[in-house]
Amino acid sequence: MSNLLPMIARSIVAALFLAPAQASADTALIAVATNFAPVAQMLAPRFNGLTGHEVTITAGATGKLYAQIAQAAPFDALLSADIATPSRLIDEGFAVPGSQFTYATGNLVLWSADPALIGPDGPAALRASELRYVAIANPDLAPYGLAAQEVLQALGLWDAVQPKIVMGQNIGQTFALIDSGAAELGFVASSALIDRSIGGSRWDVPASLHAPITQDAVLLTHGAENPAALAFLAYLQSPAATALIAAQGYGAGP
């Protein structure tokens, strides 16, 4: 799916890298899945300074972003938390065929703000009878929430844990529920725990317990002729961007 965009956009961005002080600059509005928003906010000023273009980041749950795009929100590109949403947008005419590509793969972590709550056997913490609340992102809106549901089902714990579940509308809200103590533990993106000042206890969920959290980007029809949107998606695939993405707890795209 990644044939058209890289050929066009990489040539554009290569020229921009050679002439960042170009006289003409464009702006683009990029919709970004909540889990990736902090990284996108790091990438945006680097891209802006390099190219002279200006991109603005708007974050939300992938499902909500899809609904906004379908209702003609003026986004130029989408950085989704899954593969299905960009594909659906292409099928429905809201995104440019051939522009979809993987920019990152996510990792799921069971996390508690309590340093003693989660031991080496992560599922044991979920089985504890005294456990009151488990936070996950809404599986209908957030791919990380769907992955959390798949993990609980794979462990045979879904029926037992489901009455204890509290949901965030996105993975950022889910982190906040756990961080505030509203939930004793829950499933978050590994990238949320990169900051070493964030303590607590964790269990890195084996990837075999859920479908891959493959995160794809796509050029939207609103931005089909927007040089800033094209260049930003190409920059997302550059060595500098992929190195930063990896440093923030993600697997690199293929």
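This is a predicted model: local features need pLDDT of at least 70, side-chain atom pairs count only at pLDDT 80 or more; totals for chains, interfaces and linings use all residues.
Ser80 sits in the loop that runs between strand 3 (77-79) and helix 4 (84-91). With a relative accessible area of 0%, Ser80 is buried. Leaving aside residues up to four places away in sequence, Ser80 touches Ala33, Thr62, Thr85, Pro86, Tyr103, Gln215 and Asp216.

Next up is a helix pair. The axes of helix 2 (residues 37-51) and helix 9 (residues 227-235) come within 11 Å and cross at roughly 120°, and the crossing is right-handed. On the helix 2 side, Leu43, Ala44, Arg46, Phe47 and Leu50 do the meeting, while helix 9 brings in Ala228, Ala231, Phe232 and Tyr235. Sorted by class, that contact has eight nonpolar residues, one charged and no polar ones.

As for salt bridges, the count comes to three. Arg132 and Glu184 pair up through their side chains at 3.5 Å, N to O. Arg132 lies in the loop between helix 5 (122-127) and strand 6 (134-137), and Glu184 in the loop between helix 8 (171-179) and strand 8 (185-189), so this pair ties together parts that are 52 residues apart in sequence. Arg132 is exposed, at 52% relative accessible area.

Arg88 forms a salt bridge with Glu92, with 3.0 Å between the closest N and O atoms. Arg88 is partly exposed at 43%, and Glu92 is partly exposed at 36%. Asp204 and Arg202 also form a salt bridge, their closest N and O atoms being 2.6 Å apart. Here Asp204 counts as partly exposed at 46% relative accessibility, and Arg202 is partly exposed at 35%.

Technical notes
Residues are numbered from 1 along each chain as its sequence is written. Side-chain values use heavy atoms; hydrogens and water are left out. Helices (H or I, at least four residues) and strands (E, at least two) are DSSP runs, numbered from the N terminus. Buried means under 20% relative accessible area, exposed over 50%, partly exposed in between (1.4 Å probe, protein chains only). Contact means heavy atoms within 4.5 Å. Axes are lines fitted to C-alpha atoms, for helices over the stretch in contact, and angles run from 0 to 180 degrees between N-to-C directions. A crossing is left-handed if the near helix is turned anticlockwise from the far one by less than a right angle, and right-handed if clockwise. Ala, Val, Leu, Ile, Met, Phe, Trp, Tyr, Cys and Pro count as nonpolar, Asp, Glu, Lys and Arg as charged, and the others, Gly among them, as polar. A salt bridge is a side-chain nitrogen of Lys or Arg within 4 Å of a carboxyl oxygen of Asp or Glu.
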